[in-house]
Amino acid sequence: WLLDSTDQLCQFESLMALTNLGSIGDVQVLSLIVQEGGVEKMENLQFSEHNLVRRAATEALCNMIFFEPVFELYRDPKKSKNKIHLMFALCDSDDFMTRRAASGALAVLSTSLDVCSMIMAQERGLEILKSLITLGVPTSESDAEEVEAKAIEDVMSDQEAAVVDHSVAIGRMDELRHRGAEC
């Protein structure tokens with residue numbers, strides 16, 4: 001019910017609750033979320049103008065992907081080509097948490113040959129995966145510092161940049177690299 005609200009705070013909070021419920025893996029709870037149209041509502045909220053709502057919707061879906069009926073929804077090329085396309089677009093987001101959730105969902109989905117075919121058919125699919133895998137990896141020693149600085153900028157928000165430890169930024173890059181390599 002809260003996902004249908006026009007209040008973005010209600011949408012965000014309900015998505016965060018569904019993210020937590022999805023991470024528990026209780027089949028009855030996951031089935032109820034699917035039966036009540038939760039997956040479709042999460043997918044629609046991925047188009048939100050509000051960054052936190054878009055992020056929370058992607059995180060909730062990432063957790064739901066582990067549930068076989070939801071996995072099957074994304075695996076069907078006839079029904080999910082646009083869903084895979086959207087996940088790729090979100091892998092290229094400016095927001096680290098959104099990128100992490102979208103690339104995590106694709107990493108799980110890439111265990112399906114059908115999804116791998118859809119990944120290969122994406123116009124920029126391999127380019128986006130390559131950018132995840134090579135995030136912060138210099139092409140030469142001369143540009144190592146510049147490449148790392150740009151990658152750190154890519155995984156940190158403006159508010160975090162001044163207060164977050166360098167090792168956190170490196171850890172975030174590693175997370176994205178791992179997800180890209182998994183795909």
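Mentor: Gln 46 sits in the loop between α3 and α4. Helices here are DSSP runs of H or I with at least four residues, strands are E runs of at least two, and both are numbered from the N terminus. This is a predicted model, in which local features need pLDDT of at least 70 and side-chain atom pairs count only at pLDDT 80 or more, while totals for chains, interfaces and linings use all residues. Residues are numbered from 1 along each chain as its sequence is written, and side-chain values use heavy atoms, with hydrogens and water left out.

Trainee: Is Gln 46 buried or exposed?

Mentor: Buried means under 20% relative accessible area, exposed means over 50%, and partly exposed lies in between, with a 1.4 Å probe and protein chains only. Gln 46 has 4% relative accessibility, and therefore counts as buried.

Trainee: Which residues does Gln 46 touch?

Mentor: Contact means heavy atoms within 4.5 Å. Not counting residues up to four places away in sequence, Gln 46 touches Arg 54, Ala 57, Thr 58, Leu 61, Leu 86, Met 87 and Leu 90. Leu 86 counts as buried because its relative accessibility is 15%. With residues up to four places away again not counted, Leu 86 touches Gln 46 and Phe 47. The C-alpha atoms of Leu 86 and His 50 are separated by 16 Å, and these two residues are 36 residues apart along the chain.

Trainee: How is the crossing of helices α3 and α4 described?

Mentor: Axes are lines fitted to C-alpha atoms, for helices over the stretch in contact, and angles run from 0 to 180 degrees between N-to-C directions. For helix α3 (residues 38-45) and helix α4 (residues 51-64), the axes come within 8 Å and cross at roughly 140°.

Trainee: Which residues have the most contacts inside the largest nonpolar core?

Mentor: A nonpolar core is a set of buried Ala, Val, Leu, Ile, Met, Phe, Trp, Tyr and Cys residues joined through side-chain atoms within 4.5 Å. The largest one has 46 residues, and those with the most contacts inside it are Leu 15, Met 42, Ile 65, Tyr 74, Ile 84 and Val 155. Leu 15 touches Leu 3, Met 42, Leu 45, Val 53, Ala 56, Ala 57 and Ala 60, leaving out residues up to four places away in sequence.

Trainee: Where does Gln 122 lie, and what does Gln 122 touch?

Mentor: Gln 122 lies in the loop between α8 (113-121) and α9 (125-133). Its relative accessibility is 10%, so Gln 122 counts as buried. Beyond four places in sequence, Gln 122 touches Lys 81, Ile 84, His 85 and Phe 88. Gly 125, in helix α9, is buried, with a relative accessible area of 1%. Apart from neighbours within four places in sequence, Gly 125 is in contact with Phe 88 and Ile 119. Gly 125 and Ala 89 are 36 residues apart along the chain, and their C-alpha atoms are separated by 9.0 Å.

Trainee: What is the place of Gly 180, and which residues are in contact with Gly 180?

Mentor: Gly 180 is placed in helix α12 (residues 166-182) and counts as buried at 2% relative accessibility. Neighbours within four places in sequence aside, Gly 180 is in contact with Leu 129, Leu 132 and Ile 133.

Trainee: How many disulfides does the structure hold?

Mentor: A disulfide is a covalent bond between the sulfur atoms of two cysteines. The criterion is a pair of cysteine sulfur atoms within 2.5 Å. The structure holds 0 disulfides. For Cys 183, the closest cysteine sulfur is that of Cys 91, at 6.7 Å, which is too far for a bond. Cys 183 counts as partly exposed, at 23% relative accessibility. Cys 10 also counts as partly exposed, at 25% relative accessibility.
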